[in-house]
Amino acid sequence: TFVVDEDCDYLFKTVLIGDSAVGKSNLLSRFAKDEFYLDSKPTIGVEFAYRNTKVGDKIVKAQIWDTAGQERFRAITSSYYRGALGAMLVYDITRRGTFENVKKWLHELREFGNRDMVIVLVGNKSDLTDLREVDVEDAQKLAQVENLCFMETSAKDNLNVEDAFLQMITKIYDIAS
Ligand code: GDP
Ligand code: MG
């Protein structure tokens, strides 16, 4: 489930999923490069990015896959999920529909993904408090029922982004090591 190379002890593949425009690409650019884009175009998404983190005394390289907008057409293929040990399932707290679709994404994850994949549910855009359509409590309840980690983030204000990725990476590490 992992390979070892010269500059890291573990390499984990993880994937970003969730409806279009929830902020997946910006969460990744924030975590990997500490950058945010007000007007990001789905078509210029990178395939994946890497970031090294330390877990205990080990160096873990997370390879994080991003979609290039295929989620718009529900056309994410099984190769996207292949070998992934973790998934960040993102919805937008200002669009109820993106939260309602979480169940569909979970279904797809369970169909194509690893059995013991670590899944972190992320409610992004927590900076937009006035536009909130999804209560924290609703998401917490869903996370509990579905046995997921849960966190609200803001890629824009850089809130909890690091924590959400590190939680996923640490959990994978606990399972894989
Ligand atoms: P993706 O389609 O899921 O990859 O979403 P993007 O990362 O392309 O983001 C879609 C839009 O939401 C862009 O206009 C971003 O600037 C914006 N966005 C992403 N994250 C946040 C956030 O945390 N807060 C706010 N206010 N806007 C965000
Ligand atoms: Mg994107």
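Colleague: In β5, which residue is the bridge partner of Val 90?

Modeller: Strands are DSSP runs of E with at least two residues, helices are runs of H or I with at least four residues, and both are numbered from the N terminus; two strands pair if DSSP finds at least two bridges between them. In this predicted model, where local features need pLDDT of at least 70, side-chain atom pairs count only at pLDDT 80 or more, and totals for chains, interfaces and linings use all residues, the partner of Val 90 in β5 is Val 122. Residues are numbered from 1 along each chain as its sequence is written, while chains are lettered from A and ligands numbered from 1 in the order in which they are written. Seven bridges join β4 to β5, and these two strands run parallel.

Colleague: Through which helix does the chain cross from β5 to β6, and how is the handedness read?

Modeller: A crossover is right-handed if, with the strands pointing away from the viewer, the path from the first strand over the helix to the second runs clockwise. Here the chain passes from β5 through α5 to β6, and this β-α-β crossover is right-handed.

Colleague: Are the residues of β5 buried or exposed?

Modeller: A residue is buried if 20 or more other C-beta atoms, placed from the backbone, lie within 10 Å of its own, exposed if 12 or fewer, and partly exposed in between. In β5, seven of its seven residues are buried, with Val 118, Val 120, Val 122 and Asn 124 on one side and Ile 119, Leu 121 and Gly 123 on the other.

Colleague: Why does Gln 140 count as partly exposed?

Modeller: Gln 140, which lies in α5, counts as partly exposed because it has 14 C-beta neighbours inside 10 Å.
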